[in-house]
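Here are my notes on the model you sent. Please read them next to the coordinates.

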Amino acid sequence: ICRVLDISEHELITASTDMETRKMKQEARMYHTIHNTWFWVPTVLYAVTLITCFICNLAVNHRLSWFFVVFAALICAFTFIPTVTSFFETNKLLAFSVSTYLSICLLLFVCAVYTGSLSWFLTACIGILMGYVLIFAPVLLSKTNCARYKHVISFTILFLLTVLMMIHIRLWQPYRLGRAILLAAYGFVPVIACAVICTLRFNTFSKAGICTAVIGTTLYCANHVIAALLGPPDPTHYQVDFQNWEQCLNGNVLLIMLMSFLLISAVFFAEYT
């Protein structure tokens, strides 16, 4: 009876108009209309564009050539707008991140094949994956049992991807490769250490103080590490002399930065105590 009369059970029993239920149904119908429009309008436009490019490529070149680039580009555009999340009830963010990344890699691969150069393809895919890990990994891990260590895992993956990219780029220069990996480790290890410190059950101010001291010390020693790894150390490059700023500018600035970080760290510890 309720379906035939298009009324709710409450309206049938009480013989009154349930405005709240009617409003909810109206909003639900409006949402479905907007959702379907958002999905089908871009999809139809992509299909029309694809068919048009298919016909033009055959008519002009008498074979399919640049059509595959357009095809891959439209697939990539579809994964972003309207996205494939409409086909998933759960894990929509995971579906969006995976589909968009794979579609970008597909577009890059098709472009690489079309231009006849595949040397840059893997480097580009690794670089894009690093960006995706930086943006999406902490959010996705926050919904798992590893939520507490999400930043540690994310930065560790970024470090491994950085090493993989260096191996791919500098495979023919093993001597420089080792130094490059050490430099990458010097940059990532303090960040990973700070992420580990943030997982400990310390007071917030104490964790902030430790992380500030670690970052400050890392920045101060970076100049020495880079000089030791990339070439003979130049003492004047990190020498400290506040009476000779012309020749000791770099060393003076680094020492001031270190003192500033340690001062901030001390303030955090003082706030904790």
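1. Start of α9. A side-chain oxygen of Asn203 comes to within 2.8 Å of the backbone nitrogen of Phe205 at the start of α9. This is a polar contact (a pair of N or O atoms within 3.5 Å; within protein, one must be able to donate a hydrogen and the other to accept it, and residues adjacent in sequence count only if both atoms are side-chain atoms). Helices here are DSSP runs of H or I with at least four residues, strands are runs of E with at least two, and both are numbered from the N terminus.

2. Basis of the values. This is a predicted model, in which local features need pLDDT of at least 70, side-chain atom pairs count only at pLDDT 80 or more, and totals for chains, interfaces and linings use all residues. Numbering runs from 1 along each chain as its sequence is written, and side-chain values use heavy atoms, with hydrogens and water left out.

3. Helix α9 covers residues 204–230, 27 residues in total. From its first C-alpha to its last it reaches 38 Å, close to the 39 Å expected at 1.5 Å a residue. The expected span is 1.5 Å times one less than the number of residues. There is a bend of about 40° at Cys221. The bend at a residue is the angle between axes fitted to the seven residues ending there and the seven starting there.

4. Burial along α9. Which residues of α9 are buried? They are Ser206, Lys207, Gly209, Cys211, Thr212, Gly216, Thr218, Tyr220, Ala222, Asn223, Ala227 and Leu229. Buried means under 20% relative accessible area, exposed over 50%, and partly exposed in between (1.4 Å probe, protein chains only). An α-helix has 3.6 residues a turn, so residues three or four places apart point the same way.

5. Leu229 lies in α9 and counts as buried because its relative accessible area is 17%. Its C-alpha is 8.5 Å from that of Ala180, 49 residues apart along the chain. Ile181 belongs to helix α8 (residues 174–199). With a relative accessible area of 23%, Ile181 is partly exposed.

6. Overall make-up. The protein has 10 helices and 0 strands. Of its 273 residues, 30% are buried.

7. Largest pocket. How much space lies in the largest pocket? About 230 Å³. The lining has 13 residues, and Ser97, Val133, Phe136, Ala137 and Leu140 lie nearest the centre. The elements that give two or more residues to this lining are α5 (92–115) and α6 (121–141). The largest share, 7 residues, comes from α6. By class, the lining has 11 nonpolar, 2 polar and no charged residues. For the pocket search, a 1 Å grid is laid over the protein atoms alone; a pocket is an open set of points where a 1.4 Å probe fits, with protein on both sides within 12 Å along at least five of seven lines, and lining residues have an atom within 4 Å of a point. Grid points are joined across faces, edges and corners, and the volume is the space filled by probe spheres set on them. Nonpolar covers Ala, Val, Leu, Ile, Met, Phe, Trp, Tyr, Cys and Pro; charged covers Asp, Glu, Lys and Arg; the others, Gly among them, are polar.

8. Helix α6. The 21 residues of α6 should span 30 Å at 1.5 Å a residue, and the end C-alpha atoms are 28 Å apart, which agrees. At Ile135, α6 bends by about 40°, and Pro138 follows within four residues. Its buried residues include Val133, Phe136, Ala137 and Pro138.

9. Backbone points to check. The peptide bond from Ile81 to Pro82 is cis, with omega near 5°. Pro82 sits in the loop between α4 (67–80) and α5. Asn91 is in the loop between α4 and α5, and its phi is near 55°, a positive value in a residue other than glycine. Asn91 is exposed, at 54% relative accessible area. His62 has phi near 60°, also positive in a residue other than glycine. His62 is placed in the loop between α3 (19–61) and α4, and is exposed at 67%.

10. Asn57. Is Asn57 buried or exposed? Asn57 is buried, with a relative accessible area of 0%. It is found in helix α3. A polar atom of the Asn57 side chain lies 2.7 Å from the backbone nitrogen of Ser65.
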